[in-house]
Amino acid sequence: MKWLFGLFALTVVSVISGLVKRASVSDTATVGYATLNGGTTGGSGGTTTTVTTLSALTSAVSGTAKKIVIISGTITGNTVVKVGSNTSVVGAKGSSLVGVGLRVLNESNVIIRNVKISKVLADAGDAIGIQASSQVWVDHADLSSDLDHDKDYYDGLLDITHGCTGITVTNSKLYNHWKASLVGHSDSNGSEDTAITVTYALNWWQNLNSRTPSFRFGHGHIYNNFFDTNNDGINTRDEAQLLVENNVWVSPKKPLYSTDEGYAVARGNDFADGENTAPTGTFSTAPYSYSLVSASAVKAAVTGSAGQTLSF
């Protein structure tokens with residue numbers, strides 16, 4: 001079987017807690033769709049550069065040579081920085097990008113890890129935007145803004161669009177924002193977006209108005225996430241096929257639902273006082289091995305490790 005329950009869940013939680021204490025800038029993806037098609041290694045084996053300014057960051061992450069770029073301190077601006085292929089962008093403990101997002105556009109083999117990004121204005125772009133790219137691992141990201149402005153003052157926290165494949169989002173915290181995570185940008189882009197493949201695992205979604213996530217057309221595996229007092233749920237749309245397992249909701253309004261004929265196979269979830277209203281889909285087996293934390297252990301596992309909690 002591809003999932004483990006009971007006592008095995010305790011082992012998984014222990015492993016996750018261990019990762020919080022120490023990690024390597026050369027780590028590669030071990031979870032989800034990012035492990036397929038040759039895997040996602042980012043800049044492992046390449047040069048290592050530490051940056052403290054926006055100009056240095058912009059230069060360091062460009063190009064396709066293997067490279068590890070470590071963000072140190074606080075970098076501010078009003079822009080998005082384009083990240084090239086074969087790159088690992090790693091946030092040092094206590095580092096942050098304020099008003100500065102990261103964009104992966106027409107690239108492959110990228111890792112974004114332990115990066116804290118906040119308050120990227122809509123005229124700049126998303127906090128993290130992944131477009132027309134493949135083999136991307138986002139891990140231990142801390143993404144937020146505020147709800148004090150109009151919903152269009154900021155854009156998305158983590159948007160995955162234009163036919164992206166091999167994407168994994170793990171151990172990340174998305175919070176205090178209007179529009180969290182959009183997969184597939186348009187109802188009319190099915191010819192490109194049917195190919196989309198995304199895994200969301202062990203993420204903490206908190207105080208979000210919508211898109212937790214909103215998922216069009218492709219295949220998505222959403223497991224062991226903690227959804228904490230949001231105004232929306234998982235929205236499966238436009239013939240998307242989702243596998244939704246062992247997630248937990250607090251105070252949900254509509255934890256899992258469909259618009260425009262989206263589908264989901266749901267099992268092992270704790271919907272609290274909400275309900276799943278999405279029609280049953282056909283995607284019932286993920287194309288990779290994985291271990292599930294039991295629903296009863298999800299809150300502790302996720303809140304104890306999600307976000308910028310790694311040290312290197």
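Let's start with Pro 213, which sits in the loop between strand S16 (204-210) and strand S17 (214-216). In this predicted model, the peptide bond from Thr 212 to Pro 213 is cis, with omega near -15°. That deserves a second look, because most peptide bonds are trans, and most residues other than glycine have a negative phi. The loop between S16 and S17 also holds Arg 211. Arg 211 is not a glycine, yet its phi is positive, at about 60°. With a relative accessible area of 23%, Arg 211 is partly exposed.

Another positive phi turns up at Asn 171, where the angle is near 50°. You can find Asn 171 in the loop between strand S12 (165-170) and strand S13 (173-179). Is Asn 171 buried or exposed? Its relative accessibility is 10%, so Asn 171 counts as buried.

Now step back and look at the whole chain. How many helices and strands does the chain have? There are four helices and 24 strands. The radius of gyration is 18 Å, close to the 20 Å that the globule rule gives for 312 residues, so the chain is as compact as a globular protein of that length. Along its principal axes, the C-alpha trace spans about 50 × 40 × 35 Å. Of the 312 residues in the chain, 57% are buried.

Strands of a sheet pair through backbone hydrogen bonds, either parallel or antiparallel. Here you can trace an open sheet of 10 strands with parallel pairing, in the order S1-S2-S4-S6-S9-S12-S15-S18-S21-S24. Which strands stand at the edges? They are S1 and strand S24 (263-267), and each has a single partner strand, so one side of each is left without a neighbour in the sheet. On average, neighbouring strands of this sheet are turned by 10° against each other, direction ignored.

S6 and S9 pair in the parallel sense over five bridges. Here Arg 113 stands opposite Asp 139 in S9. Keep Arg 113 in mind as we turn to the salt bridges.

A search of the whole structure finds nine salt bridges. One of them joins Asp 27 to Arg 113, with the closest N and O atoms 2.7 Å apart. Asp 27 lies in the loop between helix H1 (7-21) and strand S1 (47-51), while Arg 113 belongs to strand S6 (residues 108-113), so the pair ties together parts that are 86 residues apart in sequence. Asp 27 counts as partly exposed at 24% relative accessibility, whereas Arg 113 counts as buried at 4%.

Another salt bridge connects Asp 146 with Lys 119, and its closest N and O atoms are 3.8 Å apart. This pair, too, links distant parts of the chain: Asp 146 is in the loop between strand S10 (142-144) and strand S11 (158-161), Lys 119 is in the loop between strand S7 (116-118) and strand S8 (128-131), and the two are 27 residues apart. Asp 146 is buried, with a relative accessible area of 9%, but Lys 119 is partly exposed at 40%.

Lys 151 and Asp 152 also meet through their side chains in a salt bridge (3.5 Å, N to O). Lys 151 counts as partly exposed at 42% relative accessibility, and Asp 152 is partly exposed at 41%. Elsewhere, salt bridges that share partners join Asp 187, Arg 216, Arg 237 and Asp 238 into one network.

Next, visit His 140, in the loop between strand S9 (134-139) and S10. His 140 is buried, with a relative accessible area of 2%. Which side chain does the side chain of His 140 touch in a polar contact? The partner is Thr 309, at 3.2 Å.

Our last stop is helix H4 (residues 295-303), where Ala 297, Val 298, Ala 301 and Val 302 are buried. Viewed down the axis of H4, these buried residues fall within an arc of 125°, so they line one face of the helix. The face of H4 turned away from that buried side carries the exposed residues Ser 296 and Ala 300.

Definitions and conventions: Residues numbered from 1 in each chain as written. Predicted model: local features only at pLDDT ≥ 70, side-chain atom pairs only at ≥ 80, totals over all residues. Heavy atoms only, no water. Salt bridge = Lys/Arg side-chain N within 4 Å of Asp/Glu carboxyl O. Buried < 20%, exposed > 50% of the residue type's maximum accessible area, 1.4 Å probe, protein only. Polar contact = N/O pair within 3.5 Å; in protein donor to acceptor, adjacent residues only side chain to side chain. Pairing = 2+ DSSP bridges. Axes fitted to C-alpha atoms, helices over the stretch in contact; angles between N-to-C directions. Arc of directions from axis to C-beta. Rg over C-alpha atoms; globule rule 2.2 N^0.38 Å.
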